Amino acid sequence: MKELLSGNVAIARGAYENGVILAAGYPGTPSTEILETLSRYEGIYSEWAPNEKVALEVGIGAAMAGARTIVTMKHVGVNVAADPLLSLAYTGVNGGLVLVSADDPGMHSSQNEQDNRYYAKFAKLAMLEPSDSQEAKDMMGLGLAISEQFDIPVMLRTTTRVAHSQSMVELGEPVAREIKPYSKDVKKNLMVPAFGRLRRISLAERMAKLAEYSENTTLNFIVPGNDKVGVITSGISFQLVREVLPDAAVLKLGMTNPLPLELIKKFAAQVETLFVVEELEPYLEEQIRMLGIKVTGKDLFPYTGEYNQGLLRRCFVEAGVLSTPTQLVDPTAGLSQAPPRPPVLCAGCPHRAVFYTLRRLKLTVTGDIGCYTLGGLPPLEGIDSCVCMGASIGMAHGIDKAVPNLKGRTVAVIGDSTFLHSGITGLLNAVYNNSDSTIIILDNRTTAMTGHQDHPATGRNLMGQVAPEVDITMLCRSLGVKRVEVVDPMDLSRLQEVIKSEINAPGPSVIIARRPCALLKREIKPAVTVNQEKCTGCKTCLKLSCPAISIIENKALVTADACVGCNLCVQVCKTGAMQGGQADA
Amino acid sequence: MLKPVDVLMVGVGGQGTILASKVLAAAAQAVGYDIKVSEIHGMAQRGGSVVTQVRLGEKVYSPLISEGEADVILAFEELEALRWLSFLKPGGTLIINNQQIYPVPVLAGVAEYPQNIIAQIQSRGVNVQVLKALEQAISCGNAKAANVVLLGALAQKLPIEEKIWRDALAATIPPRLLEVNNTAFTAGFIAGNVCAGC
């Protein structure tokens, strides 16, 4: 039976059909749906770990003990998991382990567009790259088999357009879930220097065997065509090339570490002009050039962003492979410019109050990763920086220690899920090193940005079970923070008062701004109305960046359909024109 | 041989483009099309501009539609129609819902919502069908069914029989909402037909 599945759902299906026993990960676009889908299959244990490093370590334990395992994360999550990953290739596995790295060319929902294929080369992993959902499912199964056969972790590397595109997939029946026997083997699994050196040699041998496998596997194949133009490609680029150059000979690489060097040489010898088409870095190109093969790659195709057929067509026209198309009349010439429609914090979002206040107080704000990063955009403009998960706390401490005139003028802002992911150690450091910094934890009781996943402070786990709920206040106190205040961010005057007092207090302070995500607890109260006589059109309410508020003919207008009655604008309005339906309890 | 069709669905986060693409995919699958659907999650959901790309054919390679290649653009909102218009193929059809949702830069007074978008696009000689999908959905009993009104108009453009669309709706939409959505589909189907020559 065939079904239309996204790459992520297909990967989950592949794990289900191929005997996976344990699945772990941390949410991150475009990887999140894999574990969400797996959690609905009977017989598979799945969990959200607090971060990617822990998720991978959970997976390593399960695989060492003999269970087939999948670990999922977005590309930048692999940075967090890199420490265990780089020694995992040394120890190898017992039950198969597949690490899904979901990359995001074009940065649809990420802070960078790093090319994680280099991780496979760096850490010495086998790497598979699917180009559609059927391949995603098949490679998941094959990845587990390769992992076991060659005693190596396998990276299944996807990109947004593979993870989030749907295509037809033939479903199969699940095999029996079996746990391989475990026996203690310290020379394999205990990485002290003496054993590490042995495993380093073993790793070179395993990679040599994998290179041989790569030459012969059907994952790497040649699509015959007109040999005037040959293209080497992998992943989603394969699909684009097939559409743009239907007659060209194509070497499609499904296994991209180690590369089939002999197959590449053979293909290069049979074609007149050779191109390599790959998004992001010249990962294939560099290795092809090292073989002394003349190839056109990044001197023609862009280093950044996603590719599409139009872009590739233009490049191949430039290279003289395609003829210049007849100039089309641009239907948009002379039309009005479309103003941007950036994503915004939702109506009723509790983060809005915090950024409005921080901006008013003119503080320097180190930010973090989550919906609240949107609080840095105009007109809220309440954040100065966003680097990576957990960075806000360390950065605020660094400013506090190094720059006297920003001391007492800087706060870190971090979400609850992000704090539990990698903020705890930053806070511990602030305490240990006598920081005077102030940390605001935006506790909206969920991992909102990626679609409301549970985490250790929500009281539920991925399997839908009731789970112990970490008390963030007690956690901060136990780390040694003496000043911990909990506020409701929707109480604007108290929020401002607490922030003012904590930035001036000595020692580290934590302010927990607690209110559930507006999408999580949809309590729609009566919409705010505007008293036309009192409204002076001063536009103070616009500074909230609320999607329900606009100014029409110099008077504020609250769109009743969009307003959820959070009453923040009522608190901000200087003339009393904004009238709440009822007091915000 | 099934003729390839590329449909771009554009709108604002929360307007139901994803559900509409699911119904279309289910109907296309029943006819035997190969299908690829591509959409973006994450940041785009927070009230941003959203686009779902649906490609149908005997064999579909890329999941993406390039500029100047869409046979039909199904626009759930006027400004989004303008934003994505360059993706329409010469001779293609723009089905547009006459709804305006102001983006935050417009609400904040730092940008202007363009005037007379539909008339502007029509003046370029583009084949445009205008629908009052929101009003029709409300009169059918549920404002949220505007997406299915639009789908009804789209159905007139595709070689898929009405019965197959009805089955696709039944397979995709929860039973308690099916009746109102069937009514909404009919409203769009009729509007799309009446408007066929315009």
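Analyst: Let's start inside chain A: the C-alpha centres of domain 3 of chain A and domain 4 of chain A lie 28 Å apart. Bear in mind that this is a predicted model.

User: How many residues does the contact take from domain 3 and from domain 4 of chain A?
Analyst: Domain 3 of chain A puts in seven residues and domain 4 of chain A eight residues. On the domain 3 side, helix α15(A), residues 351–360, gives the most, with three residues.

User: What classes of residue are on that side of domain 3?
Analyst: The side of domain 3 of chain A that touches domain 4 of chain A has six nonpolar residues, no polar ones and one charged.

User: Where are the domain bounds in chain A, by the way?
Analyst: The assignment gives domain 1 as 2–216, domain 2 as 220–318, domain 3 as 351–514 and domain 4 as 529–579.

User: Switching to the two chains: how many residues does the contact take from each?
Analyst: Chain A contributes 43 residues and chain B 47 residues. On the side of chain A that touches chain B, β8 (165–170), α11 (236–244), α14 (309–318) and β20 (549–552) each supply at least two residues. That side of chain A divides into 22 nonpolar, 15 polar and six charged residues.

User: Which strand of chain B does β8(A) pair with?
Analyst: β8(A) pairs with β2(B), residues 34–39, in the antiparallel sense over three bridges. Ser165(A) stands opposite Ser38(B) there.

User: What order do the strands of the sheet come in?
Analyst: The order is β1(A)-β8(A)-β2(B)-β3(B)-β1(B)-β4(B)-β5(B)-β6(B), eight strands in an open sheet with mixed pairing. The edge strands are β1(A), residues 2–6, and β6(B), residues 127–131. From one strand to the next, the twist averages 20°.

User: And which helices pack on the sheet?
Analyst: Helix α7(A), residues 133–150, touches β1 and β8 of chain A, and its direction makes about 60° with that of β8(A). Helix α1(B), residues 17–31, touches β1 of chain A as well as β1, β2 and β3 of chain B, and its direction makes about 5° with that of β3(B).

User: Last one, on α5(A): which residues are buried?
Analyst: In α5(A), residues 82–91, the buried ones are Pro84(A), Leu85(A), Leu88(A), Ala89(A), Tyr90(A) and Thr91(A). The buried residues of α5(A) pack against α3, α4, α6, α9 and α10 of chain A. Just after α5(A), Gly92(A) takes a positive phi of about 75°.

Conventions
Residues are numbered from 1 along each chain as its sequence is written. Chains are lettered from A and ligands numbered from 1 in the order in which they are written. This is a predicted model: local features need pLDDT of at least 70, side-chain atom pairs count only at pLDDT 80 or more; totals for chains, interfaces and linings use all residues. Helices (H or I, at least four residues) and strands (E, at least two) are DSSP runs, numbered from the N terminus. Ala, Val, Leu, Ile, Met, Phe, Trp, Tyr, Cys and Pro count as nonpolar, Asp, Glu, Lys and Arg as charged, and the others, Gly among them, as polar. Two strands pair if DSSP finds at least two bridges between them. Domain bounds come from an automatic or database domain assignment. A residue is buried if 20 or more other C-beta atoms lie within 10 Å of its own, exposed if 12 or fewer, and partly exposed in between; C-beta atoms are placed from the backbone. Axes are lines fitted to C-alpha atoms, for helices over the stretch in contact, and angles run from 0 to 180 degrees between N-to-C directions.
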